[in-house]
Amino acid sequence: MKKISILFILAFAVLQTASPCTSVIVSGKITKDGRPLLFKNRDTPRTDNAAHLFQGERYKYIGITAAIDRTPVDVWGGHNETGFAIINTAAFNLNGCDGEDSNKDGELMKRALEICRTIDDFQHLLDTLPKPMDLNSNFGVIDALGNCAYFETNNEGYIKFDVNDPSVAPDGYLIRTNYGTTGCRSIDRGVERFMAAEDFMLAAQQGDNINCRHLLTQLPRNLKHGLTKQNLFDIMPQSYDERCMVPFRDFVTRWTSSAIILVQGVASGESAQHTISWTNIGWPPASVAIPLLITPSSAWPQIVGGSDGASWLCRQSLEEKQKVFNAGRGYVEDYIDLSKLINKQKTGIMQRVMKIEQQVLDEGENVLKKVRKGTDIDKALDSYYQWVDNYVKKQFQQ
């Protein structure tokens, strides 16, 4: 009996400390511009993250990594110069009902970004890996041909879900959190976040709002709980100083959230060079999203990943996060001071950060319009990234 109890505790601990992310894939068939979308809210105990540009075995690629890791073994989402992109969510239930985590997810994604050009290439990579693969995850992938799919992957194989297939994704999108639909359903995890994402996507569809910017800026800051349906916007305190402690568990963004990546693929006939990783490094309600592209000169904003390997922006957001999770004692990660996040005077950290982000995204979209029309990508992005570095630092310091 004692042995069983210990095993149960260990299994429960794994489920609580692993990296339970939230993801969505949207087919280009239902976006107005024909570009598919690949979204991931990254959760991990290692919240000090960065984004960097790497030279892989075959292709350059943008990847999210742990900070300081300039020669990473693991990458946690990104895209390469051919327009291939990949993310994952830990599934836990695809290798039976023991709830085991896997160790090779980040290593596989790094390898895929280095050598894959299409979803078929990724499928071939899975087919040729030595078995058992040490995998227990949902992998989301898109490519420059408009293909998009989830692969529910276990130690021995996978099942593919084509998001372009109406019989598989009748609404034109699929959601995955921390269980596979083909796995042991008695240990599903991330159900509350799945329900929240499902409600969000339904409302977006009904409001003709399934687009890159809405998904990027609103889903990570969605404060409606998927299970209880309580919306924290409905109980906003009056001011920043009106302390208001509320439970904060199993929302889309949580204590462990460390980055957002939304890869916007390309439309038919468009250059793969125009694939964009819209990337919010750090705690999403306290950070800003920046469009990252792969350019010939490797133009890059230093605040998302500098020469020291760290992200200035991520660390600033983690400082702001501590003001929100300020319980001081006990399970501090499960309670927030809502007044510090949002309030009726609009002085909450998330409210102020979103004003900064709006300017960053407006300027970014203007630059991207010019690039898509033929403006030199190196010159345009280098100038934009220099402006981003200066503008965001100045606004945060104020």
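This note covers the disulfide, the aromatic pairs and the charges over rings in a predicted model.

1. Ground rules. The model is predicted: local features need pLDDT of at least 70, side-chain atom pairs count only at pLDDT 80 or more, and totals for chains, interfaces and linings use all residues. Residues are numbered from 1 along each chain as its sequence is written, and side-chain values use heavy atoms, with hydrogens and water left out.

2. The disulfide. The whole structure holds 1 disulfide (a pair of cysteine sulfur atoms within 2.5 Å). Cys97 and Cys184 form it, with sulfur atoms 1.7 Å apart. The torsion about their S-S bond is about 90°, so the disulfide is right-handed.

3. Burial of the cysteines. Cys184 is buried, at 14% relative accessible area. Cys97 is partly exposed, at 46%. (Buried means under 20% relative accessible area, exposed over 50%, partly exposed in between, with a 1.4 Å probe and protein chains only.) Cys21 is in no disulfide; the nearest cysteine sulfur, that of Cys314, is 14 Å away. Cys21 is buried too, at 1%.

4. Aromatic pairs. There are 14 aromatic pairs. (Rings of Phe, Tyr and Trp, its six-membered ring, pair if their centres lie within 6.5 Å; planes under 30 degrees apart are stacked, over 60 edge-to-face, the rest tilted.) Phe248 and Phe251 are stacked, 4.7 Å centre to centre with 15° between the planes. Both are buried. Elsewhere, ring pairs link Phe84, Phe122, Phe139, Phe151 and Tyr158 into a cluster.

5. Charge over rings. Arg176 lies over the face of Tyr150, 5.2 Å from the ring centre. Arg176 also lies over Phe161, at 4.9 Å. (The rule: NZ of Lys or CZ of Arg within 6 Å of the ring centre and within 35 degrees of the ring normal.)
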